[in-house]
Amino acid sequence: MTVPMERIQVLDSIEKDIITCLHSAGQVFVELSKEKSSLKQAENHTQMFLKTLSAVENKLTDQINYLTQVSTGQPTKGSGYASQKVLQMAWHRLEHARSRVNELDRIKLKHIQGRTAQRSITAQPSAGQIQNVSGSNIPQGLLHEIWPL
């Protein structure tokens, strides 16, 4: 049986115990309200009430502890919450890694395109330019101003 169904059955059992507890308390009052009440019967119903009340308290404490664990994200037996949270975080990390890789790829392509464009400019001097010894292109008019022929 699945964990949620077991939890529902436990809650159903608690509800039945509460009904038994109230019934026992009612029987105590009925017995005490009689003209010739039986003290032994009243004590038996009182003991039954206290026993059932203790069982209800223990079962409710267990349920509250379970709900506390589930709500804080701590893994519990049969809880799918922790697994779901781990999966959600993994998807988030994956999407972040993808976006970062795409950003780095875009920067790399931009850098490669910039270097390719720069190499093509320095490899072929345009008309009216002379390439000097250092490999930079200097406009011919500026060169004549510096070193007249």
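**View 1. Helix α1 along its length.** Helix α1 holds 31 residues and spans 45 Å from its first C-alpha to its last, close to the 45 Å expected at 1.5 Å a residue. The expected span is 1.5 Å times one less than the number of residues. Helices here are DSSP runs of H or I with at least four residues, strands are E runs of at least two, and both are numbered from the N terminus. This is a predicted model, in which local features need pLDDT of at least 70, side-chain atom pairs count only at pLDDT 80 or more, and totals for chains, interfaces and linings use all residues. Residues are numbered from 1 along each chain as its sequence is written, and side-chain values use heavy atoms, with hydrogens and water left out.

**View 2. The whole chain.** Four helices and two strands make up the secondary structure of the protein chain. Their order along the sequence is α-α-α-β-β-α. Of the 149 residues, 11% are buried (under 20% relative accessible area; exposed is over 50%, partly exposed in between; 1.4 Å probe, protein chains only). Take the contacts between residues at least 6 apart in sequence: 40% of them join residues at least 24 apart. Contact means heavy atoms within 4.5 Å.

**View 3. The α1 and α2 pair.** Two packed helices are described by the angle between their axes and the distance between the axes. Helix α1 covers residues 3-33 and helix α2 residues 39-71; they pack at about 155°, with axes 8 Å apart. Axes are lines fitted to C-alpha atoms, for helices over the stretch in contact, and angles run from 0 to 180 degrees between N-to-C directions. The two helices are therefore roughly antiparallel (over 145 degrees; under 35 is roughly parallel, 65 to 115 roughly perpendicular, the rest oblique). By class, their contact has 17 nonpolar, nine polar and four charged residues.

**View 4. The buried residues of α1.** I14, D17, C21, S24, A25, V28 and E31 are buried in α1. These buried residues pack against α2.

**View 5. D17 in helix α1.** D17 belongs to helix α1. Its relative accessible area is 17%, so D17 is buried. Beyond its neighbours within four places in sequence, D17 contacts T52, A55, V56 and K59.

**View 6. Q63 in helix α2.** Q63 sits in helix α2. With a relative accessible area of 9%, Q63 is buried. Leaving out neighbours within four places in sequence, Q63 contacts R7, V10, L11 and I14.

Terms used: Nonpolar A, V, L, I, M, F, W, Y, C, P; charged D, E, K, R; others polar.
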